[in-house]
Amino acid sequence: MANPGGGAVCNGKLHNHKKQSNGSQSRNCTKNGIVKEGQQNGKPHFYDKLIVESFEEAPLHVMVFTYMGYGIGTLFGYLRDFLRNWGIEKCNAAVERKEQKDFVPLYQDFENFYTRNLYMRIRDNWNRPICSAPGPLFDVMERVSDDYNWTFRFTGRVIKDVINMGSYNFLGLAAKYDESMRTIKDVLEAYGTGVASTRHEMGTLDKHKELEDLVAKFLNVEAAMVFGMGFATNSMNIPALVGKGCLILSDELNHASLVLGARLSGATIRIFKHNNTQSLEKLLRDAVIYGQPRTRRAWKKILILVEGVYSMEGSIVHLPQIIALKKKYKAYLYVDEAHSIGAVGPTGRGVTEFFGLDPHEVDVLMGTFTKSFGASGGYIAGRKDLVDYLRVHSHSAVYASSMSPPIAEQIIRSLKLIMGLDGTTQGLQRVQRLAKNTRYFRQRLQEMGFIIYGNENASVVPLLLYMPDLKHAWTKGIRKTKGRVMASL
Amino acid sequence: MATATEQWVLVEMVQALYEEKEELIEEWQPEPLVPPVPKDHPALNYNIVSGPPSHKIVVNGKECINFASFNFLGLLDNPRVKAAALASLKKYGVGTCGPRGFYGTFDVHLDLEDRLAKFMKTEEAIIYSYGFATIASAIPAYSKRGDIVFVDRAACFAIQKGLQASRSDIKLFKHNDMADLERLLKEQEIEDQKNPRKARVTRRFIVVEGLYMNTGTICPLPELVKLKYKYKARIFLEESLSFGVLGEHGRGVTEHYGIKIDDIDLISANMENALASIGGFCCGRSFVIDHQRLSGQGYCFSASLPPLLAAAAIEALNIMEENPGIFAVLKEKCRQIHKALQGISGLKVVGESLSPAFHLQLEESTGSREQDVRLLQEIVDQCMNRSIALTQARYLEKEEKCLPPPSIRVVVTVEQTEEELERAASTIKEVAQAVLL
């Protein structure tokens, strides 16, 4: 069960599941009983790589122990709550003011049960503060708890040079200041930090225009528009594109921002199984043939929401099949490339380049600048009429402030680096090194026997631990080893 | 047992049905993804600002005095703020590459939260990386389906989106009308008596703004606090415009009225106006604020604020604490221009005399909103030609619950001198007379 080296689960035998092929026939790969087909493309000229994805199931004893772990945790939680209610145990949580004791309670008791009893025990694994740039090595502030994670205290010491496997700094562009960032310093000194106005009023700077033109050139589309926050890009633009009477087909594992945007739009939402084109096709057929639920009128539009790389599964969307479906059923496609832009594809242009497709086939290309570009904010790109419409009707353009100038300059600098416009091939080298590192890391972890989810080319690697207490043991074990790896949990 | 002919008919029927379905799929035509937008729509021809949006602003190539950006304390081009941001840039780079839960928490963020909590004299504060997302994530974290929220009609769009995301029952009361609010609360009380079991688990909230963006008026906070204790509803106060403006030390509307800060359950503000940075924060008691660390969507699922913006906000706070005199100066300038703009024929001033962001609306509407907007745009353009940068207040006409009338928004900052204020007032007077008569 648990290895002495670090608390991982071995899956026993190692199957050789890496069948590389350059033909276009279908292959079946078997791992632990799950059969994944090697995907076949219809036309050999646009995609002939084999998609290798694995979602192994854990062995039975692991599942039993996991459920037992949660069960015991819950039982103890009830016991502790009982003790706290009767005053036998001291309650460390914050409480309501005594003047407001007769108000309706702000939180339901059960809402907080998980937070109080299960999350509190292992809470020190998240929200760890750092005090340097999130590069490949960073400095973590040491923090201890004297009362079982209810409060934390900083000892004042800093753990230096920890290997960073937790920040989404794919291309290493979020680094300490060096001479190549001189332009950012100049822009900061010239423009300041804030903008204090919205895009429609007095908040459109010449820097924004420059950035939007560059983003459109990078993605090889007609136009682009940038926004100040990646989360807000989704939640404020999906309502501008679809409304009542439209249908949204959203993947099971979509990010919270996509779900919030879909909900705020007022359209009908239907969920299809994760990355499952048969499930999506069935929903599309039913939607087009039967129309809206009660009135049987035709839907005004159908929008498919998917992500390029899913952050919690590490899987890459099956884009060629979805584009074929979209063409057949005349739906519109919205791809959120938050984790794939800059990280996937031979020159970092995202999933469309990874599959060798034309970016014009996707109706709405959305992405964020937080991960590969080391800044913050998001963009939406596509045809000129789409972007013009968003310029007029996006909630963010009218009510929210625009992007800060030094951030815009950092994105411009990163884009120029990746595109090679600064005269070096550094950008391309970084993208290629990322791809190599990803494949190497995944291969080695799988050889060691860990269960890894997702596509072999996705840089986000979910390593399954299953049991909640193993998480705790894992971080303790990792901290003690000399390598000081800090993994994200 | 079906005979051969019956089986044959069944097969034909299934085939026909299949073909019918294929035909339906062929025939269906969706609407275009986006309807076409007229080329001369004002939003497609933004005002492009070259250079910093500070006191002297270069709009579309012309240098003007800025009466449009919310730079109340003039900190957008303050050298100390820029130096602090630069120091942070040198140490941390630009981005944080992760949400707060996954190594995106920097010591600068913890510092800023600490400083904000101390400045507002509350227990805890939490920062968000975008001003709009602050109140739009805070409301749905507490108010769920089945809860009741009483909100003012003139609430800003971010509050409306937060309410929509929360799926609660919304009850609108007339702007700043405490009698109307009391009537709604009384009605709710009667409902509660009919169903006491449900009433015991239904939370109630009152959401108001300190200084309303859409009308420039202050909410009557003392009466609200009285109503809060009488009808047992919690108050959420949105202080984007009043933080750093009202009160002796800039602590907002609670300091302005002298109300104990603990009486307000949650204060939310954005740092994009007075603090000249980007982002927002919520502050209050730990009991209330700590909940957002796990259920605030804009906090958990979004990357954290870039450290250079957090450092700029800390330095701006330092400046606010060191010179408490600027708030009185700002109030005086507001009063001056408010008085100077009274009595323009055709335009009326909407907003209190100590609000730094107020509106100029047409005294008599022409009857069509488009025509009003065009007239006001004419005034704005002519003022721009005479080097006064103004803007119309922009709204999404189809999305707002209670659409305010079209208006010009005038913003007063500490950096404007008295001569400039006088010149602006007289320019607006002349232009208004020329255009409207």
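How many helices and strands does chain B have? Chain B has 16 helices and 14 strands, both taken as DSSP runs numbered from the N terminus (helices H or I, at least four residues; strands E, at least two). The model is predicted, so that local features need pLDDT of at least 70 and side-chain atom pairs count only at pLDDT 80 or more, whereas totals for chains, interfaces and linings use all residues. Residues are numbered from 1 along each chain as its sequence is written, chains are lettered from A and ligands numbered from 1 in the order in which they are written, and side-chain values use heavy atoms, with hydrogens and water left out.

The C-alpha atoms of chain B fill a box of roughly 100 × 55 × 55 Å along the principal axes. Of the 437 residues in this chain, 61% are buried (under 20% relative accessible area; exposed means over 50%, and partly exposed lies in between; 1.4 Å probe, protein chains only). Among contacts (heavy atoms within 4.5 Å) in chain B between residues at least 6 apart in sequence, 68% join residues at least 24 apart.

In soluble globular proteins, nonpolar side chains tend to be buried together. Beyond its neighbours within four places in sequence, B:Leu73 is in contact with residues including B:Gly244, B:Met320, B:Phe327 and B:Val414.

Strand β9 (residues 302-307) of chain A is largely enclosed by the rest of the structure, because six of its six residues are buried. A:Ile302, A:Ile304 and A:Val306 lie on one side, and A:Leu303, A:Leu305 and A:Glu307 on the other. Strands pair if DSSP finds at least two bridges between them. Strand β7 (residues 247-251) of chain A runs parallel to β9(A) and is joined to it by four bridges, with A:Leu303 the bridge partner of A:Ile248. Five bridges join β9(A) to the parallel strand β10 (residues 332-336) of chain A, where A:Leu333 stands opposite A:Ile304.
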